[in-house]
Amino acid sequence: MSKSAEGTASIPLKKTVRFTEMAKGGAGEYALLHRLEQDYIRELPARLLAALRELENSLSGYRVSRLEHSLQSATRAHRAGESEEMVAAALLHDIGDGLAPHTHGEMAAAILKPYVSERAYWIVKHHGVFQMYYYAHHLGGDRHARDRFRSHKWFQDCADFCEKYDQNCFDPDYPSEPLEFFAPILQRVFAKPRKEFL
Ligand SMILES: [Fe+2]
Ligand SMILES: [Fe+2]
């Protein structure tokens, strides 16, 4: 930093607690941390958008990026008149691909859980095994693995989600909405967690 800038720079110091062991923290310190955490949580939609942008560089081999796949999924859900929570679910359903390649549906579902219905959560959590219907037999797997959920009340809903908003969302010519289109929807869906998560 130059000498002249030194006097004028006013980067506010972040308030921090004094403790180095949680057991020794006080009520005032935990109140501060709680406030900061609430602010941080409010920025979740922005972090989700950033994580979606990262999907531009994930799995190769398909004709579209994972980001385009996600946009296509959300666009089809939106144009079909689905609720905003289902549009958000479609947009985020593969967000776990990078960090949880073997359990990506569970990761996406965990992100959505405090903000969406049990139904939307269940669909996203299980979409991976339902998607196997479209390809597993080509790899020596069981395309009917989803049948273990056959009697579940949301079996057909999850099958429909995969048919209409997942297996068909690899089309480089589909006119998807851009990510910015979905930003206000994410803001609304992630505005407030259900009370058991507060
Ligand atoms: Fe998936
Ligand atoms: Fe997908």
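I began at Leu92, which, leaving aside neighbours within four places in sequence, is in contact with Leu48, Ala108, Ile111 and Leu112. For contact I used C-beta atoms, placed from the backbone, that lie within 7 Å.

A note on the ground rules: this is a predicted model, where local features need pLDDT of at least 70, side-chain atom pairs count only at pLDDT 80 or more, and totals for chains, interfaces and linings use all residues. Residues are numbered from 1 along each chain as its sequence is written, and chains are lettered from A and ligands numbered from 1 in the order in which they are written.

Next I looked up the core around Leu92. The largest nonpolar core has 35 residues, and Ala89, Leu92 and Leu112 have the most contacts inside it. Such a core is a set of buried Ala, Val, Leu, Ile, Met, Phe, Trp, Tyr and Cys residues joined through C-beta atoms within 7 Å. Buried stands for 20 or more other C-beta atoms within 10 Å of a residue's own, exposed for 12 or fewer, and partly exposed for anything in between, with C-beta atoms placed from the backbone. Helix 5 gives this core its largest share, seven residues.

Then I turned to helix 6, where Gly105, Met107, Ala108, Ala109, Ile111 and Leu112 are buried. I found those buried residues packing against helix 5 and helix 7. My helices (H or I, at least four residues) and strands (E, at least two) are DSSP runs, numbered from the N terminus.

How do helix 5 and helix 7 cross? Their axes come within 10 Å and cross at roughly 20 degrees. The axes are lines fitted to C-alpha atoms, for helices over the stretch in contact, with angles from 0 to 180 degrees between N-to-C directions. The two helices are therefore roughly parallel, a label for angles under 35 degrees. Glu85, Met86 and Ala89 of helix 5 meet Ala120, Ile123 and Val124 of helix 7 in this contact.

For contrast I picked Leu139, in the loop between helix 7 and helix 8. Is Leu139 buried or exposed? It is exposed, because 8 other C-beta atoms lie within 10 Å. Its C-alpha atom is separated by 26 Å from that of Leu92, 47 residues apart along the chain.

Key:
Contact = placed C-beta atoms within 7 Å. Parallel < 35°, antiparallel > 145°, perpendicular 65-115°, else oblique.
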